[in-house]
Amino acid sequence: MRDVAIVGVGSTQFGRAQWSLLKMMCEASNDAIVDAGIGERKIDAVYVANMGASRNNRMAGLSSGLVDRMNLYPHTVSETIENGPASGASAIKHGVHSVASGYCDLVLVCGGERMQEVNNFEATEFVSYLSHRYAEYPYGVTLPSLAGMFTRLYMERYGVEARHLAMVAIKNHLNGAKNKKAHLRIPITMEGILTGPDALNNNPWIAEPLRFFDCCPVSDGSSAVLLAPAEMVKEFKKTPVLIAGMGQATDSQAVQDRPDPTELTAVRMAAERAFAMAKLTPKDIDVAELHDAFTILEIVESEECGFFKKGEGHKALERGETQIGGKLPINPSGGLKSRGHPVGNTGVSQIVELVLQLRGEAGDYQVPKQPKHGFAVNFGGFGNNVVATVLKRGV
Amino acid sequence: MAMNVEVAKCTKCGKLSYPTHFYCPSCHGTKFEPVPVGGEGRLLTWTRVYALPLDYAQLYVTLGIVELDMGVRATGRLEIAEPKTGARVRTHIGKVREINGKDITGLVFTAV
Ligand SMILES: [Zn+2]
């Protein structure tokens, strides 16, 4: 097996796209191609990550569309990967396998989602298809409702309070405000969303105990990475970033079916596998992008991945350890909370953000002290399909 | 969607599963007999959810996960004004949702 490196990255603005889904994906892909400087070299394969195109955009077989628009036919191998909100990291994993095995050399992985075609009810309905068909879906179970029930149990067991959840949102909005491509670039305050007289107006309930600012927005956006074998990185112009490890695990689909519903076993297992493959430990990580679709998830994932002990994540957050200048900056890009959550694309965008950090190109939200190792969690369903990735600057 | 109110009892080892799996989680058996979900239990956690999918006329619905005395957990609709975790609840079968104009029946929990 060959080592695999990221040699180019690109991304569109997140939020409400002016462009069609394929046009967004072309722009992000072209950014990655220009970033890498591939010259006359041919792209061998295209892996596309998307969750909702068949339903929301009335498009299927998206990778064929992208290959057509990018004039990459007929030589290119291509396919679309749908793995719920973990589609992005899943597509990267397929790209990595294809380079590692020697099947392909230069591989483009592009995630794209355009949700503005559907209203909030339809978006909530479409995401709720991830829930268990008989035990959850018929009851109107949505991702926010699973997150709400999970949060209540977690708060009661580990002493997490509403102010800790608000701290995640405030930190990530502060970070995202510095990221020109983020969807919600509005700083928020504890008074405005929790303690002030207008807090309940500004920040209404979504699924108690979760409120509006505990949940990520519904975003349009596309991101892309170019993968190449480590032995080829000298042919490209940017500092290469090695995919040091990837791990994945699949938990029971229904949250009620888990022996302890406060444990995100698939997150823990995916992280352990990624660290084992990278021969690194959580202590080696300098910057992380975690899947904060709900504020509670950033706290719990930071524990399950081994950065903090179980029940200690909210304390580290309170001490400021996860801020950009802290011991382990988490979601310096703004996370899903502020950067946005174009569902099928999120896993690709997390890796793009980490590559910018490891190259020292993140600008206003750059983590100090030249980070060498980055870590991402891309979380599908309510923790039933999780992909973790460890990145390392240089090869 | 009647299966959503039945527990699968493994005919080989007696283990109850809800929701059902193709293989028994205990003995890997593939034969089950249906047992109706019922009786009382304890509310493990709950939420009042305002972000509803399509086909809802209400402002919110209350959902919970219950640990049933019969030995399985189940997610269902709560008809309890002020739920408290740990509270005793009783199981009923009732209408839980309408999809495309069709009533969907499922588990509804009330206070004991
Ligand atoms: Zn059995």
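A:His373 has its place in strand E10 of chain A, which covers residues 373-380; helices (H or I, at least four residues) and strands (E, at least two) are DSSP runs, numbered from the N terminus. The model is a predicted one, in which local features need pLDDT of at least 70 and side-chain atom pairs count only at pLDDT 80 or more, whereas totals for chains, interfaces and linings use all residues; side-chain values use heavy atoms, with hydrogens and water left out. Residues are numbered from 1 along each chain as its sequence is written, and chains are lettered from A and ligands numbered from 1 in the order in which they are written.

A:His373 counts as buried because its relative accessibility is 10%, where buried means under 20% relative accessible area, exposed over 50%, and partly exposed in between (1.4 Å probe, protein chains only). Leaving aside residues up to four places away in sequence, the residues that A:His373 touches include A:Leu280, A:Asp284, A:Leu358 and A:Leu391, contact being defined as heavy atoms within 4.5 Å.

## Strand E11 and its partners

Strand E11 of chain A (residues 385-393) has seven of its nine residues buried, so it is largely enclosed by the rest of the structure. E11(A) pairs with E10(A) in the antiparallel sense over eight bridges, two strands being paired if DSSP finds at least two bridges between them. Within this pairing, A:Gly374 has A:Leu391 in E11(A) as its bridge partner. Four residues lie between the strands in the hairpin of E10(A) and E11(A), where A:Gly381 takes a positive phi near 60°.

E11(A) is also joined by eight bridges to strand E8 of chain A (residues 241-250), and these two run antiparallel; A:Met246 stands opposite A:Thr389 in E11(A).

In helix H3 of chain A (residues 62-69), the buried residues are A:Leu62, A:Ser63, A:Gly65, A:Leu66 and A:Val67. These buried residues pack against helix H1 (21-36), strand E2 (45-49), helix H2 (53-57), strand E3 (77-81) and strand E4 (107-113) of chain A. A:Asn71, with a positive phi near 55°, follows H3(A), and a cis peptide bond with omega of about 0° joins A:Tyr73 and A:Pro74, the latter lying in the loop between H3 and E3 of chain A.

Two further residues of chain A have a positive phi without being glycine: A:Arg58, at about 55°, and A:Gln370, at about 45°. A:Arg58 sits in the loop between H2 and H3 of chain A and counts as exposed at 78% relative accessibility, while A:Gln370, in the loop between helix H14 (346-359) and E10 of chain A, is exposed with a relative accessible area of 68%.

## The sheet of chain B

Chain B holds an open sheet of three strands in the order E2-E1-E3, with antiparallel pairing. Strands E2 (16-17) and E3 (32-36) of chain B stand at the edges with a single partner strand each, so one side of each is left without a neighbour in the sheet. Strand E1 of chain B (residues 6-10) pairs with E2(B) over two bridges in the antiparallel sense, and B:Lys9 stands opposite B:Leu16 in E2(B). The peptide bond from B:Tyr18 to B:Pro19 is cis, with omega near 0°, and B:Pro19 lies in the loop between E2 and E3 of chain B.
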